[in-house]
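Here is a short report on one structure. Please look over the sequence and the model before reading on.

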There are 2 protein chains.
Amino acid sequence: MPTINDIADILGISKGTVSKALNNADDVSETLRKKVLETAVEIGYERNRARKDVSRKLCVIVENLNPDNPAGLGYDIIMGFKKLAIPAGWEVDVVPITGQEQRAMSYDTFMLAHEYKGAFILGFSLTDPWMKELKTARTPAVLYDNYIPENPRVGYIGVHNQEGYDLAVAHLKSLGHTRIGYLGGALESYIIRARYEAFLQAMKNHGLEVKKGCVGYSYFISECTQRFLPMLLKNGVTAIICCHDFMAQAVATQCLDLGYQVPKDISIVGFDDAPFSAYAVPPLTTVRQDQQVLGNCGFYALNSLMNRTAISTLLLRAELIVRDSTGPARTWDLPRPRKIPA
Amino acid sequence: MPTINDIADILGISKGTVSKALNNADDVSETLRKKVLETAVEIGYERNRARKDVSRKLCVIVENLNPDNPAGLGYDIIMGFKKLAIPAGWEVDVVPITGQEQRAMSYDTFMLAHEYKGAFILGFSLTDPWMKELKTARTPAVLYDNYIPENPRVGYIGVHNQEGYDLAVAHLKSLGHTRIGYLGGALESYIIRARYEAFLQAMKNHGLEVKKGCVGYSYFISECTQRFLPMLLKNGVTAIICCHDFMAQAVATQCLDLGYQVPKDISIVGFDDAPFSAYAVPPLTTVRQDQQVLGNCGFYALNSLMNRTAISTLLLRAELIVRDSTGPARTWDLPRPRKIPA
């Protein structure tokens with residue numbers, strides 16, 4: 001196993017300097033500290049676990065979400081994670097990370113620098129620089145709603161999307177809907193792409209055809225509501241399945257603005273059961289992810305990876321929550337839309 | 001919550017008789033006992049958990065495998081399950097169950113009759129009567145290598161088949177193989193079907209075509225070795241991926257009997273890393289399932305289900321173990337097969 005001596009030899013500096021750099025001493029420059037850390041990662045150096053004062057620290061890395069907003073997505077997931085991690089003797093830091101910060105320091109280096117033994121990662125998109133590094137990373141990581149192939153140190157947890165949309169399509173079909181459309185976010189996100197594919201498969205599983213011009217996706221929700229929604233309505237959809245509740249809420253609002261009733265004229269289904277979804281107008285029918293339980297599972301999976309149990313994928317059952325945004329399929333043509341004031 | 005009184009009322013018998021039936025007293029007939037149990041299951045009766053002497057019993061239900069053979073599949077899975085369950089205070093019974101026994105008593109009734117709080121189920125095929133019942137069963141169950149949709153009381157654990165065959169195809173491709181065949185068991189098994197589909201997807205993922213006449217599957221291994229293997233060889237495959245190590249070993253033996261060298265003339269890959277696979281002739285290249293760890297995960301998932309955490313799917317990373325049954329793709333045509341003595 002590589003030691004401090006090996007790092008010292010490679011860099012031609014003293015063992016004492018390496019030790020100071022690793023322990024964050026003030027009299028070592030940032031440049032040298034970074035060089036020491038990167039070398040340590042390169043040769044597979046690990047901090048001595050036998051040391052009495054060794055840190056038991058984990059981090060929750062977040063991007064694209066606000067971890068301090070109890071009404072937002074992510075808050076309860078982090079809570080669920082902490083509820084198991086802290087009683088098990090771990091300190092947990094919640095660390096927002098930008099793409100720029102990821103480019104400045106590799107994942108393994110970051111983890112070693114802060115003495116984190118493992119990470120629970122929320123909100124990364126496929127273009128995040130660390131997504132590539134995680135394919136070969138050595139420090140255990142569990143990603144929520146993101147899948148990294150092969151690496152036995154990295155796992156994926158989430159809700160079973162296919163089950164979720166199978167329930168949604170079955171529900172709509174039982175209400176007489178056959179012309180079902182889909183509005184989603186950009187396919188550069190693993191989970192958004194997975195949900196889009198799950199929607200297509202669910203339609204197939206239920207013997208329904210996805211009609212031409214009845215699907216739209218865009219990074220911008222406004223493009224979905226303003227460009228794709230009118231297209232779907234024109235093409236006769238009676239129900240729209242959305243990639244998440246933000247989208248569903250925006251689509252419902254736009255339908256109301258256009259003078260259509262939800263669910264009388266058009267049914268809408270979301271995904272997530274976000275904290276606001278029960279209070280939306282109308283309250284959203286949606287596929288629930290139990291966020292606290294997801295957080296629990298995140299800790300279980302990370303703990304397993306840290307103990308060399310190579311969990312690849314852990315999926316929770318999806319549950320359909322039926323509220324007021326879905327109803328029987330309309331049997332009439334939609335009137336012309338109301339003109340929205342500029 | 002339904003009580004003993006409710007069961008007594010429905011059947012028009014005394015509370016004392018119901019209690020005796022539930023507690024296996026000698027002076028209650030088997031017919032009445034069965035009737036009481038079935039009624040109890042029907043109305044959702046649960047044994048009183050507050051009782052001090054309440055049993056903490058789980059069962060491992062096995063079919064199509066011998067749980068007492070340390071060299072066989074399943075033994076280490078059960079060991080891994082027990083290693084977590086017993087220290088956690090559970091008694092664990094290992095119970096072989098036939099199709100006939102399943103038809104005689106429903107799953108929930110069986111579990112209530114024996115006071116089992118949860119089951120870990122190994123070796124069921126899609127045609128087992130309880131597979132249908134598990135779709136709506138109330139007693140928690142975790143199935144190894146079998147997937148039941150929707151039911152939040154039932155979960156699936158296994159190895160990530162797609163990852164396994166992706167590794168196998170990548171390995172063969174790196175050795176120059178492009179004409180890769182497949183031999184598998186009957187598609188009436190969930191896992192055998194899943195592996196067959198994973199093979200097709202893996203070939204696609206690696207830009208390889210599955211040629212006509214290069215795939216065979218049958219319930220009978222002998223049909224694969226005697227009918228399909230000659231067909232695959234005639235159609236020029238240089239490597240064969242098998243659905244499990246039993247198949248791989250049988251195929252390797254038949255190749256040797258026909259006068260072909262493994263891997264010089266033909267490469268063979270298995271799945272499972274069964275206890276015998278390292279000692280086969282030649283030792284098998286195979287996709288490993290870590291059975292002890294699978295057993296650990298089985299207990300974790302069952303414990304989660306019993307605590308109302310609805311795990312749907314828990315998959316471990318697959319690992320490719322490269323041994324002597326794979327080598328560089330041959331660049332010559334195969335000679336005629338040796339005549340096998342009748």
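Among contacts in chain A between residues at least 6 apart in sequence, what percentage join residues at least 24 apart? The share is 71%. Keep in mind that this is a predicted model, and every value below is computed from it.

## Chain A as a whole

Start with the overall picture. Chain A has 342 residues, and 46% of them count as buried. Its secondary structure comes to 12 helices and 12 strands. The C-alpha trace spans about 80 × 40 × 30 Å along its principal axes.

Chain A is divided into domain 1, residues 1–51, and domain 2, residues 161–288. The centres of these two domains, taken over C-alpha atoms, are separated by 52 Å.

## Strand pairs

The table lists pairs from both chains, with the number of bridges and the direction for each.

| Strand | Partner strand | Bridges | Direction |
|---|---|---|---|
| β1(A), residues 57–62 | β3(A) | 6 bridges | parallel |
| β3(A) | β4(A), residues 141–144 | 3 bridges | parallel |
| β8(B), residues 239–242 | β9(B) | 3 bridges | parallel |
| β9(B) | β10(B), residues 285–288 | 4 bridges | parallel |
| β11(A) | β11(B), residues 311–316 | 5 bridges | antiparallel |

## Around strand β3

Take β3 of chain A, residues 116–122. This strand is mostly covered, with 6 of its 7 residues buried. β3(A) pairs with β1(A) and also with β4(A). Val62(A) has Leu122(A) in β3(A) as its bridge partner. Ile121(A) stands opposite Leu143(A) in β4(A).

Now turn to chain B. Leu122(B) lies in strand β3 of that chain, residues 116–122. Is Leu122(B) buried or exposed? A residue is buried if 20 or more other C-beta atoms lie within 10 Å of its own. Leu122(B) has 26 C-beta neighbours inside 10 Å, so it counts as buried.

Which residues does Leu122(B) contact, leaving aside neighbours within four places in sequence? They are Val60(B), Val62(B), Leu65(B), Gly74(B), Ile77(B) and Tyr144(B). Consider Val60(B). It is 62 residues from Leu122(B) along the chain, yet their C-alpha atoms are separated by 7.4 Å.

## Around strand β9

Stay in chain B and move to β9, residues 267–272. Here 6 of the 6 residues are buried, so the strand is largely enclosed by the rest of the structure. β9(B) is joined to β8(B) by 3 bridges. Ile241(B) has Val269(B) in β9(B) as its bridge partner. The chain crosses from β8(B) through helix α11(B), residues 245–257, to β9(B), and this β-α-β crossover is right-handed. β9(B) is also joined to β10(B). Asp272(B) stands opposite Arg288(B) in β10(B).

Val269(B) has 31 other C-beta atoms within 10 Å, so it is buried. Its contacts, not counting residues up to four places away in sequence, include Ala168(B), Leu172(B), Ile241(B) and Ala248(B). Thr285(B), Thr286(B) and Thr326(B) are also among them. Thr331(B) is 62 residues from Val269(B) in sequence, and the two C-alpha atoms are 19 Å apart in space.

## Where the two chains meet

Finally, how many residues of chain A are in contact with chain B? There are 17, and they touch 17 residues of chain B. Two elements of chain A each give two or more residues to this side: α12, residues 291–306, and β11, residues 311–316. β11(A) gives the most, with 6 residues. By class, this side of chain A has 9 nonpolar, 5 polar and 3 charged residues.

The β11 strands of the two chains are joined by 5 bridges and run antiparallel. Within this pairing, Thr313(A) has Leu315(B) as its bridge partner.

How do the copies relate?

Terms used
Residues are numbered from 1 along each chain as its sequence is written. Chains are lettered from A and ligands numbered from 1 in the order in which they are written. This is a predicted model: local features need pLDDT of at least 70, side-chain atom pairs count only at pLDDT 80 or more; totals for chains, interfaces and linings use all residues. Two residues are in contact if their C-beta atoms, placed from the backbone, lie within 7 Å. Ala, Val, Leu, Ile, Met, Phe, Trp, Tyr, Cys and Pro count as nonpolar, Asp, Glu, Lys and Arg as charged, and the others, Gly among them, as polar. Two strands pair if DSSP finds at least two bridges between them. A residue is buried if 20 or more other C-beta atoms lie within 10 Å of its own, exposed if 12 or fewer, and partly exposed in between; C-beta atoms are placed from the backbone. A crossover is right-handed if, with the strands pointing away from the viewer, the path from the first strand over the helix to the second runs clockwise. Domain bounds come from an automatic or database domain assignment.
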